Amino acid sequence: MDDQSPAMGLVHLLRAVTVEFDLLGAEFAARQGLHPTDVRALIHLLDAARSGTPATPGWLGGQLRLNSAGTTALVDRLERLGLVRRSRDTADRRRVLLEVEEKATELGRAFFGPVIGEVVRAAEGFEEGELETVRRFLASVLESAGGTRPA
């Protein structure tokens with residue numbers, strides 16, 4: 001691979017953005033007394049709520065690549081901290097659903113709100129077609145990264 005190619009330039013830029021967001025996540029986790037996996041769990045649960053995906057402990061474990069015991073310990077910890085609640089699915093009372101508590105949303109908004117606002121302002125500087133290109137690129141990168149994990 002040519003390290004100076006435009007495509008590799010994007011790879012390096014994407015890596016730099018990823019590192020910055022990872023550092024922000026780690027800082028948020030440290031300030032709240034959370035493990036980085038706790039933060040990733042909250043993000044998955046918020047994304048599930050936004051997309052209308054029922055979030056069960058099994059689903060969350062799959063997203064985080066955790067076994068059942070690890071997922072239970074994670075959910076117990078987040079529930080103890082008042083960040084997540086378990087509830088019974090009204091359609092299937094055997095199924096437990098996970099929801100993010102308002103406290104977690106408020107903590108996240110207070111910490112990440114300013115950077116999200118800056119990203120939105122940056123995006124507003126682009127035309128709709130440019131944003132669609134960026135969206136397609138990032139969706140493709142996300143799909144590629146999910147299917148190419150080292151063994």
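Start at the lining of the second largest pocket, whose residues split into 6 nonpolar, 1 polar and 1 charged (Ala, Val, Leu, Ile, Met, Phe, Trp, Tyr, Cys and Pro count as nonpolar, Asp, Glu, Lys and Arg as charged, the others, Gly among them, as polar). This is a predicted model, where local features need pLDDT of at least 70 and side-chain atom pairs pLDDT 80 or more, while totals for chains, interfaces and linings use all residues. Residues are numbered from 1 along each chain as its sequence is written, and side-chain values use heavy atoms, without hydrogens or water.

Select A7, L10, V11, L14, R15, T18, F137 and V141: these line the pocket. (A pocket is an open set of points on a 1 Å grid over the protein atoms alone, where a 1.4 Å probe fits, with protein on both sides within 12 Å along at least five of seven lines; lining residues have an atom within 4 Å of a point.) Two or more lining residues come from each of α1 (6–32) and α6, and α1 gives the most, with 6.

Next, color by pLDDT, the predictor's confidence in each residue, from 0 to 100. The chain averages 93, with 97% of the residues scoring at least 70.

Now go to α3 (residues 57–64) with α4: their axes come within 9 Å and cross at roughly 110 degrees, so the two are roughly perpendicular (65 to 115 degrees). Show P57, L60, G61 and L64 of α3 against T71, L74 and V75 of α4, which make the contact (heavy atoms within 4.5 Å). That contact has 5 nonpolar, 2 polar and no charged residues.

Methods:
Helix = DSSP H or I, 4+ residues; strand = E, 2+ residues; numbered from the N terminus. Axes fitted to C-alpha atoms, helices over the stretch in contact; angles between N-to-C directions. Parallel < 35°, antiparallel > 145°, perpendicular 65-115°, else oblique.
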